[in-house]
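Good morning, and thank you for coming.

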Amino acid sequence: MNAADEQAPRMRFDLQVIASWIEPGSRVLDLGCGNGDLLLYLKEHKQVRGTGIELAEDKVIRCIERGLTVLQGDFRQEVRDYPEGRFDVVILSQTLQQVLDPRELLIELLRIGGRVIVSFPNFSHWLARLQLLFTGQAPVTNQLPYEWYNSPNVRVITIKDFKRFLRTIGVRLVREVAINTHHHDLEGNVIHRFTNLRATYGIMMLEKAS
Amino acid sequence: MKRDSEEAVADCGTKRSGILLVERKYFTFAEPPHEMVLDSGARLGPITLAYETLGELNEDRSNAILVLHAFSGDSHVAGYLRENDERPGWWDNMVGPGKPVDTDRYFVICSNILGSCMGSTGPSSINPRTGRPYGLSFPMVTIRDMVRAQKHLIDHLGISRIMCLIGGSVGGMQVLRWCTDYPEMVVSAIPLATTTRHSAQAIAFNEVARQAIMADPDWKGGDYYDGPGPRHGLAVARMIGHVTYLSDEAMREKFGRRLQSRRSLSYDFGGDFQVESYLRHQGEKFVDRFDANSVLYITKAADYFDLEAGNGSSLINEALARVSFLVISFTSDWLYPTYQARNLVSVLKKNGSDVSFCEIEAPWGHDAFLLPNPHLDDLISGFLDRIYNEHCGQ
């Protein structure tokens with residue numbers, strides 16, 4: 001992650017990795033863009049023509065104030081209006097685990113974007129495994145800070161499961177990286193071995209199988 | 001023509017003793033036999049538009065912002081016409097030096113609409129052929145006709161590209177009409193609290209307002225200019241309008257069931273409640289400043305507004321794919337509800353336009369777009385700042 005390390009933008013580590021994957025000048029859609037940290041970075045450093053979708057009014061206002069193009073709304077609805085191939089890359093960071101029908105969503109995203117980048121918390125991290133094994137309770141970690149009764153994470157994803165899922169739905173995995181994060185996820189490092197056990201997040205770039 | 005326009009922009013918006021003084025100007029065109037042809041096929045001329053400008057046009061004429069006013073508005077968008085004026089223009093909280101629409105940076109133009117009575121040609125103007133007010137012989141004008149007339153003014157000012165069009169309500173309809181009819185002249189647009197087509201509900205309220213005017217015996221088929229005019233009908237029309245500009249919550253908070261200047265119910269029709277008193281006051285105030293026939297014409301123009309008519313939306317247009325949009329709606333606006341703004345956004349996305357959208361949480365109903373609101377300020381100033389940096393190359 002040389003590129004990300006060099007510029008060291010103050011944003012979540014998974015977003016730093018994602019940013020390093022984006023080609024300069026590309027058309028990017030960021031779903032659930034929050035305050036627009038990633039889009040602003042891409043605009044300033046990679047001359048990206050970006051659009052964000054965000055549900056919270058205050059975050060939308062913050063983004064537009066910062067000079068970004070952002071739509072307020074539920075991205076599952078909003079993505080439907082875009083014509084085929086409208087974007088080069090669609091980014092879905094740390095949200096896939098909250099989507100009821102991930103298959104339908106991914107197919108829709110691959111319609112409007114040439115490539116889709118997803119990042120998601122890896123539920124099979126060793127800490128989560130140990131908690132379940134020794135306490136017999138649903139894991140609660142930094143990356144998965146919720147109790148079973150208030151978690152927005154309706155889909156339990158592991159890196160291994162997700163790759164199997166991609167084969168099932170016929171989507172090609174272009175690029176992948178597993179990361180281990182610390183310090184509120186702002187810093188981290190790339191994991192190369194035993195990723196499904198050691199990584200807190202999986203990040204993958206997908207495209208339609210030709 | 002060019003020299004005229006330079007003079008026109010040179011001395012506007014002088015700051016004197018801390019207050020921003022502006023001057024109302026008039027532009028007359030379409031002198032016979034070169035009358036403007038309207039959507040209805042009728043010809044109209046000469047046409048005068050009242051307009052005001054603030055700030056200075058930059059050297060490459062790229063910093064112009066056209067503000068389009070709502071149904072009963074006028075060209076007096078901000079500042080003061082005279083030093084001892086009690087109140088500034090209708091959007092003084094938004095437009096001025098250091099304000100979101102910053103006149104230290106942008107050249108702001110606001111023109112009164114065709115068909116109005118605030119200095120532009122409308123039904124109360126004198127028909128040069130008869131020497132008498134037009135009345136109902138004034139041809140029906142549409143939002144497109146209003147925009148067509150504004151285009152003459154913009155040409156006269158020597159501006160070929162408008163950095164941003166901003167307008168709410170009927171002003172938002174003009175923003176969208178500008179976009180469909182002259183997309184190559186538009187860099188960006190902010191339609192606020194508006195719609196792509198007037199709904200049955202909106203037409204219904206306008207029709208009740210028109211009927212209130214036309215049912216007044218003093219309306220006299222629109223030929224009332226030598227008499228008192230339909231004062232009562234016009235006041236009722238305005239009262240209906242004000243109901244649609246507020247919201248259930250706004251009325252509950254503002255008036256509730258509170259009584260006006262009394263402790264108990266009167267058991268007559270003199271008016272018990274504060275909300276009645278408010279509406280009567282708004283109605284009476286309006287009668288003194290607005291022409292009843294203009295209400296008829298402008299409401300009809302709004303009712304005719306429909307960008308979805310015919311074969312698909314007129315917003316589907318290759319040239320519009322280069323225009324940046326900021327669409328804004330308000331949660332409690334039931335005259336032009338958020339779903340209508342979302343329809344607009346949806347069409348613009350399909351068209352490939354760069355579009356931002358925000359629904360602002362506000363309890364005040366349709367009126368919210370005119371009221372001071374820090375969220376609205378941040379959205380507009382941030383968007384304009386970006387457009388300025390991208391297009392007025394610093």
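Let me start with a question: in which loop of chain B does B:Gly271 lie? The loop is the one between α6 (248–254) and α7 (274–289) of chain B. Please keep in mind throughout that this is a predicted model.

How exposed is this glycine, then? A residue counts as buried with 20 or more other C-beta atoms within 10 Å, as exposed with 12 or fewer, and as partly exposed in between. B:Gly271 has 16 such atoms within 10 Å, so B:Gly271 is partly exposed. Setting aside neighbours within four places in sequence, its contacts are B:Gln260, B:Glu276, B:Ser277 and B:Arg280. Of these, B:Gln260 is 11 residues away in sequence, and the two C-alpha atoms are 7.9 Å apart.

The loop between α6 and α7 also holds B:Tyr267. This tyrosine is not a glycine, and yet its phi is positive, at about 55 degrees. Because 7 other C-beta atoms lie within 10 Å, B:Tyr267 is exposed.

Let us now turn to chain B as a whole. Chain B contains 10 helices and 16 strands. Its C-alpha trace spans about 70 × 55 × 50 Å along the principal axes. Is the chain compact or extended for its 394 residues? A compact globule of that length would have a radius of gyration near 21 Å, and chain B has 21 Å, so the two agree. Of the 394 residues, 51% are buried. Among contacts between residues at least 6 apart in sequence, 72% join residues at least 24 apart.

On confidence, the mean pLDDT of chain B is 94, and 95% of its residues reach 70 or more. Residues 1–12 are a stretch to treat separately: their pLDDT is below 50, and this stretch has 16 contacts in the model beyond near neighbours in sequence.

The domain assignment divides chain B into domain 1 (2–198 + 307–391) and domain 2 (202–301). Where these domains touch, 27 residues come from domain 1 and 20 residues from domain 2. On the domain 1 side, the residues divide into 15 nonpolar, 11 polar and 1 charged. The centres of the two domains, taken over C-alpha atoms, are separated by 26 Å.

How many of the 13 residues of α8(B) are buried? The number is 11, and the helix is mostly covered. Among the buried residues are B:Val295, B:Leu296 and B:Ile298. The covering elements include α2 (143–156), α3 (170–181), α4 (200–214) and α5 (231–245) of chain B.

A cis peptide bond joins B:Pro32 and B:Pro33, with omega about 10 degrees, and B:Pro33 is placed in the loop between β3 (25–29) and β4 (36–37). Another cis peptide bond joins B:Gly45 and B:Pro46, with omega about -5 degrees; B:Pro46 is in the loop between β5 (43–44) and β6 (47–54).

I now come to chain A. Its secondary structure comes to 9 helices and 8 strands. The radius of gyration is 17 Å, close to the 17 Å that the globule rule gives for 210 residues, so chain A is as compact as a globular protein of that length. Buried residues make up 42% of this chain.

Finally, how do the two chains meet? The contact takes 21 residues from chain B and 15 residues from chain A. On chain B, α9 (338–351), β16 (354–360) and α10 (374–391) each supply at least two residues. The chain B side divides into 8 nonpolar, 5 polar and 8 charged residues. For the complex, the predictor gives an ipTM of 0.90 and a pTM of 0.92.

Helix α4 (residues 57–65) of chain A has A:Val60, A:Ile61 and A:Cys63 among its buried residues. What do the buried residues of α4(A) pack against? They pack against β2 (49–54) and β3 (69–72) of chain A, together with β15 (324–330), β16 and α10 of chain B. After this helix comes A:Gly67, with a positive phi near 85 degrees. Thank you for your attention.

Terms used:
Residues numbered from 1 in each chain as written. Chains lettered and ligands numbered in written order. Predicted model: local features only at pLDDT ≥ 70, side-chain atom pairs only at ≥ 80, totals over all residues. Contact = placed C-beta atoms within 7 Å. Helix = DSSP H or I, 4+ residues; strand = E, 2+ residues; numbered from the N terminus. Nonpolar A, V, L, I, M, F, W, Y, C, P; charged D, E, K, R; others polar. pLDDT = per-residue confidence, 0-100. Domains from an automatic or database assignment. Rg over C-alpha atoms; globule rule 2.2 N^0.38 Å.
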